[in-house]
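Subject: Structure handover

Hello,

Here is the structure I promised to pass on to you.

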Amino acid sequence: MASFDLKVHPHRRFNPLTREWVLVSPHRTQRPWLGQVEKLPPESAPTYDADCYMCPGNRRATGARNPLYRGTFVFDNDYPALLAGTPEGEMREGGHAQQKGLLVAASERGICRVVCFSPRHDLTLGKMDQAGLRAVVDVWTEQYRELGALPFINHVQIFENRGAIMGCSNPHPHCQIWANEHLPNEPAKELGALGAYQAARGSCLLCDYLALERQQGERLVTENDHFSALVPFWAVWPFETMLIARRHITGLDLSTDEERDGLADILKRLTTRYDHLFEVSFPYSMGFHQRPTDGKPHPEWHLHAHFYPPLLRSATVRKFMVGYEMLATPQRDITAETAAARLREMRAE
Ligand SMILES: [Zn+2]
Ligand SMILES: [Zn+2]
Ligand SMILES: [Zn+2]
């Protein structure tokens, strides 16, 4: 029998950030599929849409009218998932003493905001210029600082859900910020893993991981002096990537002017590659993971972002997380190394 080869044999890979596993089945991608790429007709969005609640000057559902903004624009979500004024309380009910802790609920306070990246209805991060992207990075930084400083806010999640396939009905370039009282599931897993790694080895998990990826190079997509973009070894989504700050910083608020320029630059390079992959404005969910804003320094944390794009083979063929993945563990066919190589080949302009 041939010796074990990650390029050929089914295997599982460990995600040290969440301490979970992904199943990889590279033998299923032996059949060639290049050249069968299905293309969508080019999208032609107008620069202004009178029915868009995010375009400048338009009225929103609540009756508020957007200013005639020229750069970025931040407003409180008109249908927020969280409210700042939720009364504090909890419920722990059970019948017998033995059943205690089976029905647990607790109040959750928070603030939800929307950030428009540009007054232009038709742009995307990949189509914006460096100055426009830098303004977006600055707004993210200010919002993280401002919301994180509130005493009842302990986590600030900045995220962008892009494309109708991701359930985002409005193409106007924007992201959301949900800031809340308790650490959500994914950051909580990462905090546990980053803390345990630092306690055991006295170093930062992501600093060590990034150094390893930069030595090996095969999963790197692109980088500049301040950020690296790579397909993580344990990626679940076909073209999943991570942006990792080259310097050990725990949040955008601690980044330098040059680092913010670097982030704007790498966002452009990465999203442009994505757009060229299947010649479609690439859908994804992306977001930043920054240290919890509970007032502690969290030296174990390391600023990074995740991109989770759903497309698998073309503009219309997507990966679904169903069946075995819902019931057991996520699975992928194309390896992280192959995905990284394909993204590296793409034009970044
Ligand atoms: Zn719009
Ligand atoms: Zn680090
Ligand atoms: Zn993360």
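Below I go through the metal sites, then the helix contacts, then a few individual residues.

Some housekeeping comes before that. This is a predicted model, in which local features need pLDDT of at least 70 and side-chain atom pairs count only at pLDDT 80 or more, while totals for chains, interfaces and linings use all residues. Residues are numbered from 1 along each chain as its sequence is written, chains are lettered from A and ligands numbered from 1 in the order in which they are written, and side-chain values use heavy atoms, with hydrogens and water left out.

**Zinc sites**

Donors here are N, O and S atoms within 2.8 Å of the metal (3.2 Å for Na, K and Ca); water is not among the atoms, so sites may look incomplete. Distant parts of the chain are linked here: Cys 55 sits in the loop between strand 2 and strand 3 (73-76), and His 172, 117 residues apart from it, in the loop between strand 7 (155-162) and strand 8 (174-180). Helices (H or I, at least four residues) and strands (E, at least two) are DSSP runs numbered from the N terminus. Cys 55 is buried at 0% relative accessible area, and His 172 is buried at 1%. By the cut-offs used, buried is under 20% relative accessible area, exposed over 50%, and partly exposed in between (1.4 Å probe, protein chains only).

The zinc ion (ligand 2) is held by Cys 204 (SG), Cys 207 (SG), His 248 (ND1) and His 302 (ND1), again at 2.0 to 2.3 Å. Its arrangement is tetrahedral because the four donor atoms subtend angles of 106 to 116°. The donor residues of ligand 2 follow C-x2-C-x40-H-x53-H in sequence. Cys 204 is buried, with 8% relative accessibility, whereas Cys 207 is partly exposed at 27%.

**Helix contacts**

How do the axes of helix 2 and helix 3 cross? They come within 9 Å, at roughly 85°, with helix 3 covering residues 205-216. Axes are lines fitted to C-alpha atoms, for helices over the stretch in contact, and angles run from 0 to 180 degrees between N-to-C directions. Helix 2 and helix 3 are therefore roughly perpendicular (65 to 115 degrees). Ala 193, Leu 194 and Tyr 197 in helix 2 meet Leu 205, Leu 206 and Asp 208 in helix 3, where contact means heavy atoms within 4.5 Å. By class, these residues are five nonpolar, no polar and one charged. Ala, Val, Leu, Ile, Met, Phe, Trp, Tyr, Cys and Pro count as nonpolar, Asp, Glu, Lys and Arg as charged, and the others, Gly among them, as polar.

The axes of helix 4 (residues 257-277) and helix 6 (residues 336-345) come within 8 Å and cross at roughly 95°, which makes helix 4 roughly perpendicular to helix 6. Arg 273, Tyr 274 and Leu 277 in helix 4 meet Arg 342, Leu 343 and Arg 344 in helix 6. This contact has three nonpolar, no polar and three charged residues.

**Individual residues**

Arg 19, a residue other than glycine, has a positive phi near 60°. Arg 19 lies in the loop between strand 1 (11-15) and strand 2 (20-24) and is partly exposed at 44%. His 298 also has a positive phi, near 50°; its loop runs between strand 12 and strand 13 (304-308), and His 298 is buried at 8%.

Finally, Tyr 284 in strand 12 is buried at 2%. Its contacts beyond four places in sequence include Leu 125, Met 166, Thr 271 and Phe 307.

Best wishes

Technical notes: Angles under 35 degrees count as roughly parallel, over 145 as roughly antiparallel, 65 to 115 as roughly perpendicular and the rest as oblique. Four donors count as tetrahedral if all angles lie between 85 and 135 degrees; four count as square planar and six as octahedral if opposite donors are over 155 degrees apart and all others between 65 and 115; anything else is irregular.
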